[in-house]
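Below is a short briefing on one protein structure. Look through the sequence and the model before reading the points.

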Amino acid sequence: KNSAKAVEKELVTCSLQEKEKTAIDRSQIFQIPRCKDLETKVIVVLGKAGMGKSILVQKICQDWSNGEFSQFEFVFWFDWKQISLPEKRYSLKELLLDFFVKPQEGSKEIFEYILQNPAKVLLVFDGFKGLHDHENFRRCSASQPEKDLCSIKELLSGLIQKKILNGCTLLFTARPKDKLYQYVSKVDKTIEIVGFSPQQRELYITKYFEGSPCCDSALELIKEREYLFSHCYSPVMCRFVCFLCETVIEMGEKSLPSTLTEVFVKFFQQKIMVMQKDVTTTQNQENLATLARIAWCLGEKHQCAIKSDLLPSKEVKEFALKYRFFLPFAFPRHSDSEEEEFGSTFSDFVIQNFLCALHLWLAEELRDKNLTKYLSFLSKKKKPYNWLDLMPRFLAGLMFLQDDSYFCSLSNEDAKTLTKKQKTLLKYIRRLQINNLCPERLLELLRCVYETQNNYLLQHVALRLEPDLSFLGIVLLPPDVCVLHSILKRSRKEFSLDLRNSSIDMQGLKALVSLRNVTSFRASLSDTVRLWKSLEQTKDYELLKASTEKFVLDPFKAKTMKDISDLSDLVEMQEKMMNCVQDASGYTSYEIPAIRNLRKLEFALGPACGLQGLLKLVKVLAAFPSLQHLDLDALSENGIGDEGAKSLSEVFPTLTSLETLNLSQNKITDLGAENLATALPSLSSLKTLSLYNNNICDFGAENLAKVLPAMTSLRVLDVQYNKITGVGAQQLTDSLRKCPHIKNLVMWNPTIPYGVLEHLQQLDSRISV
């Protein structure tokens with residue numbers, strides 16, 4: 001139970017969605033404010049496969065060798081594939097000075113220096129796959145790190161828990177789905193590589209074709225295929241699309257394929273068919289089918305490398321190396337006496353994903369229903385093949401592959417059997433209860449259906465989507481937005497979208513919001529305001545007005561200072577909108593509906609920023625005319641104190657619609673209660689007031705008692721868990737007699753004698769204990 005709570009706490013502490021997005025320079029990666037110099041620092045770089053994590057750490061190593069990052073005297077870089085073999089055991093000394101680099105002399109002295117100067121050591125673990133349950137691993141002894149042998153996970157556990165080399169810096173790269181931050185109890189900094197912006201995509205494509213006469217036409221050709229251009233946010237996918245575009249132009253073709261599956265079908269065709277001069281087509285096809293089977297066997301184990309002696313034949317290895325589907329790979333030795341083992345690794349994760357899908361498509365033993373189980377949206381359990389996340393899309397695309405004689409000839413099955421597999425998928429999706437899918441599985445379904453480019457399936461899914469579509473907390477990458485946009489356009493329904501914490505970029509948000517059948521949306525306030533400012537700058541007043549009318553803010557919970565700043569920006573945007581709309585339509589005034597309709601505002605900044613945030617919030621509260629519920633009670637306690645109470649009371653006259661005010665657990669004393677009491681009667685609609693668990697004494701209770709008769713709308717008052725004694729309780733009770741409108745007074749306090757409180761309750765049954 002306790003461990004479960006600990007994990008829950010870590011998830012809250014390390015949630016990436018709550019962090020403010022800030023672009024950083026490479027030189028800032030190791031800058032960690034308020035971090036103790038003598039403690040181990042843990043930095044995590046997250047990014048989907050192909051986003052350039054390995055390139056980044058290689059560049060860091062190169063920069064260090066050129067004199068940058070001078071705080072480190074030693075940098076050790078490890079490829080997780082090489083060091084994570086389960087049978088391999090290391091001591092810390094062996095890992096650093098035998099596995100990584102072998103000093104010709106003085107290794108003992110070098111290791112002693114490392115142990116004495118851990119702050120000068122950077123350890124990079126590239127391609128980290130997660131350290132599950134690291135708290136329970138046996139760790140290397142801190143007393144003999146040069147001798148104790150243990151697995152890499154045990155060794156890392158000791159490093160992270162500061163039992164070994166305390167004070168060093170650990171840099172991990174991992175995929176977001178590996179959720180490394182769930183299992184590491186101390187992450188000082190999390191960085192996410194988000195890929196190319198549209199402008200950077202164009203720059204990459206231009207650089208790729210630099211010097212080529214077809215440079216401009218290549219960029220135009222790629223941008224014509226919006227879906228392929230959206231995939232170019234990923235550096236590795238951008239390279240594939242550029243390669244294919246280059247081939248298409250050379251062959252004199254006028255357009256690119258429309259799906260990712262078709263891109264890789266064409267990629268493999270061009271690679272093999274253009275270069276095949278000394279082997280027959282049949283041999284190549286056999287080798288490709290064998291390679292696909294190898295890809296699947298490795299993929300099931302979350303592996304991409306294989307030892308040479310495990311390959312079925314020399315011909316397959318040469319075939320894979322020749323066309324660069326494989327790259328040479330060295331396996332670590334198990335002991336000093338063993339020779340280094342060599343093997344091969346797939347050159348790219350996308351190639352392995354495609355080959356895995358190809359294997360499933362070709363497998364004769366997988367018929368009908370057995371094949372559909374590999375499409376993850378059909379599984380009710382945890383996604384089984386998340387390491388091969390592109391595989392289901394490729395499989396769906398291959399099942400609807402039409403008019404491709406080369407790939408169809410790879411199969412021993414006749415056309416009738418292949419058509420039957422296709423019909424099975426159609427039947428499964430027709431029977432699928434789309435409304436019951438969670439957002440992540442629904443998104444996977446849309447991706448797979450899009451890859452089929454089957455009009456019936458696309459229309460079927462579009463017509464069965466729920467009007468309220470929530471992608472709350474689900475990362476929407478540029479290709480996902482493109483797919484969603486394409487399918488929503490096909491539907492005649494009106495949709496309400498929840499895009500909060502989806503990391504959607506501004507271009508994607510603009511595309512979805514501009515759809516006529518998207519009638520309302522919720523998104524990050526900062527992203528929305530950024531979009532509106534962009535539309536204002538480009539003078540697209542029509543879309544600006546339309547998007548403001550679709551935007552929904554209610555209810556809004558402010559958890560960071562950034563949220564308060566965004567709220568201020570929203571109010572400022574309304575003032576600008578008045579001028580924009582007046583220029584465009586002649587109206588003299590304009591209210592953003594989200595501002596006009598905000599009814600509930602929760603404030604949960606915690607003690608560190610509570611007062612500062614409230615002082616900023618009160619400046620814009622008057623802009624929300626329909627605000628009915630203001631909640632300043634947070635689990636972490638905002639602690640606005642008397643200064644905050646006074647500042648808030650000054651804007652009470654403007655909050656004419658406020659019905660519920662919760663000021664619980666805010667360290668308010670008699671002084672704050674006095675300021676509140678003076679202004680409370682101006683809250684003409686107030687029904688519920690909670691001052692639970694503050695520091696209000698009898699003087700504060702007396703001031704509240706004086707104004708209760710004037711608060712004619714009030715129905716419930718909660719002042720329990722304060723420091724009110726029997727004297728203050730008596731004053732409140734006396735005032736209650738003059739307030740027939742009040743239905744409940746919650747007044748239990750540890751400082752009120754129980755007998756007194758019981759007596760008062762007998763005098764007035766509206767008093768709750």
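The lining of the largest cavity divides into eight nonpolar, two polar and five charged residues. Here Ala, Val, Leu, Ile, Met, Phe, Trp, Tyr, Cys and Pro count as nonpolar, Asp, Glu, Lys and Arg as charged, and the others, Gly among them, as polar. The model is predicted, so local features need pLDDT of at least 70 and side-chain atom pairs pLDDT 80 or more, while totals for chains, interfaces and linings use all residues. Residues are numbered from 1 along each chain as its sequence is written, and side-chain values use heavy atoms, without hydrogens and water.

**Cavity**
- A cavity is a set of points on a 1 Å grid over the protein atoms alone where a 1.4 Å probe fits but cannot get out, and its lining residues have an atom within 4 Å of a point.
- The count comes to one cavity of 30 Å³ or more.
- The largest cavity has a volume of about 170 Å³, volume being the space filled by probe spheres set on the points, which are joined across faces, edges and corners.
- Its lining has 15 residues, and Lys-48, Tyr-233, Leu-390, Arg-393 and Leu-477 lie nearest its centre.
- The largest cavity lies between domain 1 (1–192) and domain 2 (198–256), because both give residues to its lining; the domain bounds come from an automatic or database assignment.

**Helix pairs**
- Helices (H or I, at least four residues) and strands (E, at least two) are DSSP runs, numbered from the N terminus.
- Helix 24 (residues 525–537) packs against helix 25 (residues 541–550) at about 155°, with axes 8 Å apart; axes are lines fitted to C-alpha atoms over the stretch in contact, and angles run from 0 to 180 degrees between N-to-C directions.
- Helix 24 is therefore roughly antiparallel to helix 25 (over 145 degrees).

**Backbone features**
- Asp-554 and Pro-555 are joined by a cis peptide bond with omega of about -5°, and Pro-555 sits in the loop between helix 25 and strand 12 (556–558).
- Lys-162 is not a glycine, yet has a positive phi of about 65°.

Note on methods. On a 1 Å grid over the protein atoms alone, a cavity is a set of points where a 1.4 Å probe fits but cannot get out, and a pocket is an open set with protein on both sides within 12 Å along at least five of seven lines; lining residues have an atom within 4 Å of a point. Angles under 35 degrees count as roughly parallel, over 145 as roughly antiparallel, 65 to 115 as roughly perpendicular and the rest as oblique.
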